[in-house]
Each structure stands twice: as structure tokens, then as C-alpha cells.
Amino acid sequence: MIAMLGLLLMTTSQAQLFGADDAASKKLVKLLSKELHVDRSDLEFEKVSTAECLQTEQVESVLRVYKAGKPTGFVVSAIGKGRYDQFNYLVYYNEDREVKLVNVTAYFSDHGNEITSKRWLKQFNGYDGGDLDYGDEVQAISGATLSASSIVKGIREITILLQDCNL
């Protein structure tokens with residue numbers, strides 16, 4: 001089943017992950033293949049039911065990630081809220097439920113897009129559920145207070161919930 005899903009993803013122009021468009025699916029596969037240092041064809045995904053342990057307004061869906069058939073972590077698709085608009089982001093967790101990669105996949109607002117910076121998002125790498133306060137552990141961004149606060153709060157909440165899940 002999992003191998004079939006991985007094959008389907010690789011052979012049908014990156015079938016839709018998380019219900020996103022093909023461009024977002026391709027971006028996810030590209031990001032993870034680079035992060036995990038593997039060929040794109042070695043990645044497989046399995047949708048995880050989030051109904052019970054990951055119930056939060058931020059989580060859209062969760063995928064179990066496999067590298068060459070072995071479980072390697074999870075990708076969570078989440079929604080954040082800026083001043084006027086929502087935005088979408090992905091968080092990749094390793095098997096220990098530690099953040100390894102955060103990527104803002106869609107940001108629609110005219111203000112606050114500084115949170116899409118790879119440099120700023122790298123602050124979350126290694127986060128495992130401890131303190132995570134905007135302005136303390138996470139660098140504040142002038143003009144992006146609401147968006148940045150939202151993603152910080154979301155990552156903290158999702159990380160804690162994921163660690164408590166028995167997936």
C-alpha cells in the first residue's frame with residue numbers, strides 16, 4: 001500500500017499531497033528529498049488520520065514519510081493567521097518528533113512576508129517541544145508580529161500534540 005502510494009506520487013506528476021495543487025506537491029517532494037539527502041523516487045508518503053490526537057484548528061493534514069521504505073518522520077500541513085489573511089506552512093519532523101524543516105508554502109498578505117525567509121524559519125530546526133516564545137526563543141520581526149506569532153504558536157502546539165500522539 002505504502003509503496004503503491006509512493007509510486008503513484010512519483011508517476012502521476014506528483015499526485016496531490018494534502019489536497020494541494022501539483023506545484024505544492026512537487027515542492028514538498030523537492031524539499032524533503034533535499035533535507036533527507038535522497039532521490040525523489042526513494043520518498044513515500046502515507047496519509048495519517050488526525051481525527052483524534054492532532055485536533056487543532058492549525059492542522060490540515062499529516063503525512064507519514066518513508067525513505068526507501070523505512071519510516072523517517074512526519075510532515076504536517078498547517079494554517080497560520082496574519083493580520084488579514086491566512087497562510088499555509090509545512091513542518092517536517094524526524095522520528096523523534098523534532099522539527100527538521102519549516103516552509104511557508106503560501107503567503108497571501110501584503111505585509112509580514114518576512115516569515116517566509118529560510119533564514120528566519122531555520123530557528124525552528126531542532127525544536128522538540130520546550131519553551132518557544134516569540135521575541136525570546138524566536139527572533140521578532142518588525143511588521144510581521146501577527147504572522148510570526150501565529151506560526152510560533154502553531155509549531156509549538158503541533159509539536160506537543162505530535163509528541164503525545166501514538167502514531
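Predicted model: local features only at pLDDT ≥ 70, side-chain atom pairs only at ≥ 80, totals over all residues.
Alanine 68 counts as exposed, because its relative accessibility is 56% and the cut-off for exposed is over 50%. The protein chain has four helices and five strands, and buried residues make up 46% of its 167 residues.

**The overall layout**

- Helix α2 covers residues 22–36, and β1 covers 43–48.
- Strand β2 runs over 59–67 and β3 over 70–81.
- Strand β4 takes in residues 86–94, while strand β5 takes in residues 99–107.
- Further along come α3 (118–121) and α4 (145–164).

**Two residues with positive phi**

- Where is alanine 68? Look in the loop between β2 and β3.
- Alanine 68 has a positive phi of about 50°, although it is not a glycine.
- Histidine 37 is another residue other than glycine with a positive phi, here near 60°.
- You can find histidine 37 in the loop between α2 and β1.
- Is histidine 37 buried or exposed? Histidine 37 counts as exposed because its relative accessibility is 71%, and exposed means over 50%.

**The aromatic cluster**

- How many aromatic pairs does the structure hold? There are three.
- In one of them, the ring centres of phenylalanine 87 and tyrosine 89 lie 5.9 Å apart, and the planes are at 35°, so this pair is tilted.
- Phenylalanine 87 also pairs with tyrosine 107: the distance is 5.5 Å centre to centre, with 45° between the planes, and this pair is tilted.
- Phe87, Tyr89 and Tyr107 form one aromatic cluster.
- Phenylalanine 87 is buried, with 0% relative accessibility, and tyrosine 89 is buried with a relative accessible area of 1%.
- Why does tyrosine 107 count as buried? Its relative accessibility is 18%, and buried means under 20%.

**Salt bridges**

- The structure holds two salt bridges.
- One of them joins the side chains of arginine 64 and glutamate 95, at 2.3 Å from N to O.
- This bridge links distant parts of the chain: arginine 64 sits in strand β2 and glutamate 95 in the loop between β4 and β5, 31 residues apart.
- Arginine 64 counts as buried, at 11% relative accessibility, whereas glutamate 95 counts as partly exposed, at 31%.
- Lysine 100 and glutamate 98 also meet through their side chains in a salt bridge, at 3.5 Å from N to O.
- Lysine 100 counts as partly exposed at 29% relative accessibility, and glutamate 98 is partly exposed too, with a relative accessible area of 23%.

**Charged patches on the surface**

- Which residues form a positive surface patch? They are Lys27, Lys30, Lys34, Arg40, Lys118 and Lys122.
- Helix α2 gives the most to this positive patch, with three residues.
- Lysine 27 is found in helix α2; this lysine is partly exposed, with a relative accessible area of 34%.
- Negative charge gathers as well, in a surface patch of Asp131, Asp133, Asp136 and Glu137.
- Aspartate 136 lies in the loop between α3 and α4.
- With a relative accessible area of 62%, aspartate 136 is exposed, because exposed means over 50%.

- Aspartate 96 is exposed, with a relative accessible area of 64%.
- How far is aspartate 96 from glutamine 163, C-alpha to C-alpha? They are 8.1 Å apart in space, and 67 residues apart in sequence.

Key. Residues numbered from 1 in each chain as written. Heavy atoms only, no water. Patch = residues over 30% accessible without salt bridge, like charges linked within 9 Å, V, L, I, M, F, W, Y side chains within 5 Å. Areas by Shrake-Rupley, 256 points an atom, 1.4 Å probe, with all protein chains shown as cover. Salt bridge = Lys/Arg side-chain N within 4 Å of Asp/Glu carboxyl O. Lys, Arg positive; Asp, Glu negative; His and termini not counted. Charge placed at Lys NZ, Arg CZ, Asp CG, Glu CD. Buried < 20%, exposed > 50% of the residue type's maximum accessible area, 1.4 Å probe, protein only. Phe/Tyr/Trp six-rings, centres within 6.5 Å; stacked < 30°, edge-to-face > 60°.
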